[in-house]
Amino acid sequence: MMRLALAGARAIVDMSYSRHFLDFQGSAIPRAMQKLVVTRLSPNFREAVTLRWDCPVPLPGDGDLLVRNRFVGVNASDINYSAGRYDPSVKTPFDAGFEGVGEVVALGLSSSATFTVGQAVAYMAPGSFAEYTVVPASTAIPVPAVKPEYLTLLVSGTTAYISLKELGELSEGRKVLVTAAAGGTGQFAVQLAKKAKCHVIGTCSSDEKSAFLKSLGCDRPINYNGEHVGAVLKQEYPRGVDVVYESVGGAMFDLAVDALATKGRLIVVGFVSGYQTPTGLSPVKAVTLPAKLLKKSASVQGFFLNHYLSKYRAAMDHLLKMYASGELVCKVDLGGLSAEGRFTGLESVFRAVDYMYMRKNTGKIAVELPHSVHSKL
C-alpha cells in the first residue's frame with residue numbers, strides 16, 4: 001500500500017485515502033492544475049502546444065517527488081521536442097518542458113529518506129511546463145533556495161561544462177570562439193573558457209550583449225549586426241581559433257569551420273538557426289567540409305547532453321559550488337525588457353519562446369509560475 005508525505009499534513013499519509021488526498025487535513029495541493037501539452041507535432045511552438053487548465057495533479061510513486069514548480073526554463077530545443085525530432089515514434093499528446101525549480105509538496109515513502117516536504121529542488125525531467133511535476137527522487141537536486149539562477153545550470157550550464165571538459169581540451173592561451181555567447185549556454189562557455197585561461201571570442205547580436213560579454217571577461221565580443229564575423233576572425237586571428245563552441249549552425253557554422261586553426265576542434269551543441277524550419281536544419285557547406293578538415297587536421301564533434309548523463313551529477317555539483325562561491329555568473333532573463341513584460345504564468349511560455357527566437361534574450365530565459373489562485377502554497 002503506497003504511503004505519501006503531504007504538504008500541510010506534515011506526515012506520511014496512507015494512500016488508501018487517495019481519493020481524499022488533495023484536500024486531506026487542509027492540504028494546499030489543489031485537485032487540478034495547468035500544464036502545457038504537445039497536441040500536434042510541429043516546430044511552431046504555438047501551433048504544437050496547448051495550455052490545458054483542468055488537468056489532474058499527478059501522484060508521486062514510492063521513489064518520486066511531487067514538485068510545485070516556481071521557475072521553468074525555456075530552451076531552443078523546446079521546439080525540436082514539440083516537433084517530435086528526438087523520438088520519431090512519439091505520439092501526441094505529451095507534456096512539454098525540460099527543467100524546473102520548485103518545492104517538494106509531496107513524496108513517496110522511499111523518497112522521504114532523503115527529501116522533505118518544503119525542500120527546494122531543481123530537476124531536469126520531461127513535463128516541467130506544469131504547475132506540478134512528478135520527479136524521480138534519484139534525479140532531483142537539492143538547492144539552497146528556490147531561485148531561477150539554479151535553473152540556468154540544469155541544461156545550459158552542464159552542457160557547457162561537460163562538453164568543454166570532455167571534448168574541448170582547454171588549456172592556457174588557447175583561442176576559443178563561442179557563438180551565441182550571450183545566450184543561456186554561451187554565457188557559461190565564455191566563463192569556463194576564461195577560467196581555463198583561454199582567450200575568448202564571443203559572437204552576439206547587440207551592443208548591450210557585447211557589454212554583458214565584456215563583464216564576463218570575454219576578450220573579443222563581436223556584434224554581428226555591426227561587424228562581419230568572418231572578416232574580424234580573418235583579420236584579428238589569422239592563425240585561426242583552437243576551439244569553437246557552436247550552437248547557431250548554418251552560415252555561422254561555415255564561418256567557424258573556416259576559422260579553425262591547425263588541429264582545431266569545433267564542438268556542435270546545437271544549430272538553432274534551423275530549428276524553426278520543417279527539417280530542423282539550416283544549410284551548411286558540407287561538400288567542402290572533409291577537405292577543409294583534412295587540410296587542417298581539424299575536427300567537428302557533436303555533443304548531446306543525454307549521452308553524458310553519467311557525468312551530469314558531478315557537473316552540477318561543481319557548478320553549484322562555483323555559483324555559491326561567487327565564481328560563476330548565472331544570468332537569468334525573465335522577460336522584464338520584453339514588449340509585454342515579465343514572463344509570468346504558463347501562458348507566457350509561448351511569448352518566451354518567441355522572444356528567444358527573436359534573439360532578444362541575454363542569458364537563460366526563465367518563466368515564473370506564481371502561486372495558483374486555487375492553492376495556498
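Four bridges join strand S12 to strand S13 (residues 220-223), and the two run parallel; strands here are DSSP E runs of at least two residues and helices are H or I runs of at least four, numbered from the N terminus, while two strands pair if DSSP finds at least two bridges between them. This is a predicted model, in which local features need pLDDT of at least 70 and side-chain atom pairs count only at pLDDT 80 or more, whereas totals for chains, interfaces and linings use all residues. Residues are numbered from 1 along each chain as its sequence is written, and side-chain values use heavy atoms, with hydrogens and water left out.

- Thr203 has Ile222 of S13 as its bridge partner.
- From S12 the chain crosses through helix H5 (residues 207-215) to S13, and this β-α-β crossover is right-handed; that is, with the strands pointing away from the viewer, the path from the first strand over the helix to the second runs clockwise.
- S12 also pairs with strand S11 (residues 175-178), in the parallel sense and over four bridges.
- Leu177 has Ile201 of S12 as its bridge partner.
- A right-handed β-α-β unit is made by S11, helix H4 (residues 186-195) and S12.
- Five of the six residues of S12 (residues 199-204) are buried, buried meaning under 20% relative accessible area with a 1.4 Å probe and protein chains only.

**Antiparallel sheet S4-S3-S6**

- Three strands, in the order S4-S3-S6, form an open sheet with antiparallel pairing.
- Strand S4 (49-56) and strand S6 (94-95) stand at the edges with a single partner strand each, so one side of each has no neighbour in the sheet.
- Strand S3 (residues 32-38) and S6 run antiparallel and are joined by two bridges.
- In S6, Asp95 is the bridge partner of Val37.

**Annotated span**

- An unreviewed UniProt entry lists residues 48-367 as "domain: Enoyl reductase (ER)"; such annotations may be inferred rather than shown by experiment.
- The span 48-367 is 29% helix and 25% strand, and its end C-alpha atoms lie 19 Å apart.

**Whole chain**

- The protein chain has 10 helices and 18 strands.
- Its C-alpha trace spans about 70 × 40 × 35 Å along the principal axes.
- Buried residues make up 56% of the 377 residues in the protein chain.
- Of the contacts (heavy atoms within 4.5 Å) with a separation of 6 or more in the protein chain, 67% are between residues 24 or more positions apart.

Key
Buried means under 20% relative accessible area, exposed over 50%, partly exposed in between (1.4 Å probe, protein chains only).
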